[in-house]
Amino acid sequence: MRKDYNLERRKYVIGGFIILIVIIYLIRLFDLQVADEKYKAYADSNAFLKKTIYPSRGTIYDRNGNIVVFNQPAYDIMFIRRDIEQFDTLDLCHALGISREDFDARWTEVTNRATNPGYSSYSPQTFLTNLTPEDYGRLQEKMYRYPGFYIQKRIVRDYGYHCAANVLGNIREVNRDDIDRDPYYASGDYTGDNGVEKSYEEHLRGRKGMEILIRDSRGQIQGRFDEGKRDVAAVSGRNLTLSLDIELQQYAESLMVNKLGAIVAIEPATGEVLALVTSPSYDPSLLVGRDRGKNYRMLMNTPHRPLTDRSIAGFYPPGSTFKPTQALIFLQENIIDINTRYPCSHGYINGGLRVGCHGHASPLPLIPALQTSCNGYFCWGFKNMIDRRSKYGSSADAFEIWKNHLVSMGYGYKLGIDLPGEIRGFLPNAKYYSKAYGEGRWSANTVISVSIGQGEVTATPLQIANLCATIANRGWFITPHVVKEIEDTVIAPQYIEKRFPTIDSKYYPDVAQGMRMAVLGGTCSKANLPDIEVAGKTGTAQNPHGRDHSAFMGFAPFNDPKIAVAVYVENGEWGATYGVPIGSLIIEKYLNRHISEARKPVEAAMVNASTAQYSEYKY
């Protein structure tokens with residue numbers, strides 16, 4: 001009988017098809033029972049309730065050990081959708097103090113995977129946050145009426161001092177981007193928002209724990225699984241010690257009431273920020289609790305934007321506080337020495353160009369030029385550098401060297417403070433002017449205003465304070481930072497290591513002496529304190545939006561600097577009007593811990609003065 005090979009092949013095909021189906025079933029079973037956590041979670045949720053234990057967030061102290069930010073208990077209303085049985089919705093709304101419309105809107109938001117990607121009917125979901133202890137006490141005895149809902153304890157922030165909101169930041173509920181970016185977070189969690197709460201979030205937040213409760217066949221909780229042996233304890237966040245002197249911060253903020261601007265005070269030897277003030281500011285407790293959203297919107301819509309940190313994000317013309325940088329560059333480039341004299345017939349006059357100045361002796365060498373804040377001197381020095389083609393080849397090449405010196409001193413780029421939101425200010429380069437005026441078609445006179453801190457140059461108050469700290473140290477600085485210590489952690493090396501500008505340290509003492517002379521008998525004479533040797537430099541910065549700005553930078557004691565401070569008051573007119581007295585009060589308060597009786601009238605005048613009404617800024 002002849003063998004049918006077609007039938008033989010068909011047998012193998014059918015067998016292979018059966019094997020393929022078996023393999024597909026096995027893969028699917030493996031996926032359902034082992035690989036896919038969803039079905040395991042469904043099965044576990046029938047037997048167990050896993051409750052998150054939120055850790056205590058790290059406490060924040062100031063440099064003197066004062067508690068600045070601490071924790072208070074708060075409570076969230078949670079629910080598990082599959083456990084919810086019929087209940088009186090209006091009764092729950094009344095108990096929670098919300099309307100039925102609010103209830104429905106929140107329910108829709110939480111149960112919608114588009115707005116809550118972590119939603120599952122088998123897992124705990126956050127319905128309402130920030131119940132007070134009083135709310136908790138009132139609700140606890142009623143929770144049996146609302147099956148599927150329960151109360152979970154966590155913490156909220158509280159404040160020992162109602163200041164420094166820009167430094168401290170706040171915490172907020174996480175959004176979808178936070179959850180996608182970091183698997184630590186789940187819906188209903190909180191994260192740092194602005195300030196050190198944001199920049200040190202991973203240190204402050206700790207690690208969440210887990211409590212595992214066992215259910216019976218009807219879903220009722222019967223106690224802790226395996227006597228709690230499988231529970232995971234929460235790990236508290238690390239404590240932070242700020243470099244701020246919180247009492248100095250409070251005092252500095254009081255001096256800036258009804259003014260726009262900023263104060264930055266730095267300890268020169270360490271780069272530690274002693275005070276970081278923006279004005280107007282706000283009470284950080286406004287962004288805690290159930291009213292956080294409402295208060296945040298109110299602050300967003302408040303004129304002059306209190307949520308903007310002017311100390312690190314305000315970009316201003318530095319005015320005459322910029323002149324010490326020019327002195328250092330001209331000395332480094334051998335354009336001048338301390339005996340070089342330039343004329344000033346009430347300003348810089350060159351051809352048809354005139355930059356005004358106030359009356360003083362003329363011609364002047366360097367130290368008296370700093371003492372009197374002579375515009376003519378620094379304009380002539382700038383011209384003699386930028387237009388010296390025999391040395392630099394072109395004005396553009398000279399300007400790039402000038403700019404690079406400034407970058408090394410901390411201008412034009414972010415300094416790197418450990419806070420979010422710092423901006424770089426603006427420092428033009430040669431390409432900027434070549435594009436504006438044409439390559440080879442501009443010279444020192446074209447851009448002469450930058451030599452006295454006007455024109456296109458802008459800086460943050462932090463950069464001005466850092467320059468002052470560099471001069472106080474006679475030629476180096478440490479990147480400014482607001483956190484002094486992190487519990488059980490080494491601080492980042494950039495906040496320890498010295499940074500050296502491109503200026504030789506031998507030139508700094510002469511510039512410091514010029515600033516000392518400005519206090520003894522020059523533009524900063526209002527900062528002359530009988531028991532403290534202060535060095536300083538004023539700035540009156542032209543402002544196209546209204547009255548000129550008042551600026552000051554200074555350090556003390558002269559030979560052993562403990563504090564360097566920059567003050568910037570928008571629309572304050574002359575540097576000596578607000579910048580100098582406020583800066584000198586900050587120095588006196590920090591070094592002596594009090595203001596002398598003789599200076600109480602100055603203090604009262606600054607506390608009660610108002611300049612905000614003169615602002616014409618369009619934010």
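Visitor: Which residues of helix H18 (residues 430-437) are buried?
Guide: Keep in mind that this is a predicted model. Buried here is a matter of falling under 20% relative accessible area. In H18, that applies to Ala430, Tyr433 and Ser434.

Visitor: Within what arc do the buried residues of H18 fall, seen down its axis?
Guide: They line one face of the helix. The face turned away from that buried side carries the exposed residues Lys431, Lys435 and Ala436. Looking down the axis of H18, the buried ones line one face because they fall within an arc of 105°.

Visitor: And what do the buried residues of H18 pack against?
Guide: We're still on the side of H18 with Ala430, Tyr433 and Ser434. Those buried residues pack against another helix, H17 (395-408).

Visitor: What happens at the start of H18, and which residue just after the helix takes a positive phi?
Guide: At the start, a side-chain oxygen of asparagine 429 comes to within 3.3 Å of the backbone nitrogen of lysine 431. Just after H18, there's a positive phi of about 105°, and the residue taking it is glycine 438.

Visitor: Where is valine 167 found, and is it buried or exposed?
Guide: Valine 167 is found in helix H6 (residues 165-168). Leaving aside neighbours within four places in sequence, valine 167 is in contact with Gly195, Val196, Leu244, Leu276, Leu419 and Val482. Val196 in turn touches residues including Val167, Leu419 and Val482. With a relative accessible area of 0%, valine 167 is buried.

Visitor: How many bridges pair strand E3 (residues 67-79) with E5?
Guide: Strand E5 (residues 149-159) has nine of its 11 residues buried, so it is largely enclosed by the rest of the structure. Phenylalanine 79 stands opposite phenylalanine 149 in E5. E3 and E5 pair in the antiparallel sense, and the count is 11 bridges.

Visitor: Which strands stand at the edges of the open sheet of five strands?
Guide: The order is E12-E11-E20-E19-E18, with antiparallel pairing. Each edge strand has a single partner strand, so one side of each is left without a neighbour in the sheet. The two at the edges are E12 (272-279) and E18 (535-541).

Visitor: By how much are neighbouring strands of this sheet turned against each other on average?
Guide: We're looking at the antiparallel sheet ordered E12-E11-E20-E19-E18. With direction ignored, the average is 5°.

Visitor: What is the bridge partner of isoleucine 266 in E20?
Guide: Strand E11 (residues 261-267) and E20 run antiparallel, and six bridges join them. In E20, the partner of isoleucine 266 is alanine 564.

Visitor: At about what angle does H21 run to E20?
Guide: Helix H20 (residues 508-521) lies across E18 and strand E19 (549-556), running at about 80° to E18. H21 lies across E11, E12, E18, E19 and E20. To E20, H21 runs at about 150°.

Visitor: Which residue has its backbone oxygen 2.7 Å from a polar atom of the side chain of serine 550?
Guide: Serine 550 sits in strand E19 and counts as buried, at 0% relative accessibility. Beyond its neighbours within four places in sequence, its contacts include Gly572, Glu573, Trp574 and Gly575. The backbone oxygen at 2.7 Å belongs to tryptophan 574.

Visitor: Is asparagine 571 buried or exposed?
Guide: Asparagine 571 lies in the loop between strand E20 (563-569) and helix H21 (579-592). Leaving aside neighbours within four places in sequence, asparagine 571 is in contact with residues including Asn543, Arg547, His549 and Tyr614. At 0% relative accessibility, asparagine 571 counts as buried.

How values were computed. Residues are numbered from 1 along each chain as its sequence is written. This is a predicted model: local features need pLDDT of at least 70, side-chain atom pairs count only at pLDDT 80 or more; totals for chains, interfaces and linings use all residues. Side-chain values use heavy atoms; hydrogens and water are left out. Helices (H or I, at least four residues) and strands (E, at least two) are DSSP runs, numbered from the N terminus. Buried means under 20% relative accessible area, exposed over 50%, partly exposed in between (1.4 Å probe, protein chains only). Contact means heavy atoms within 4.5 Å. Two strands pair if DSSP finds at least two bridges between them. Axes are lines fitted to C-alpha atoms, for helices over the stretch in contact, and angles run from 0 to 180 degrees between N-to-C directions. The arc is that of the directions from the helix axis to the C-beta atoms. A polar contact is a pair of N or O atoms within 3.5 Å; within protein, one must be able to donate a hydrogen and the other to accept it, and residues adjacent in sequence count only if both atoms are side-chain atoms.
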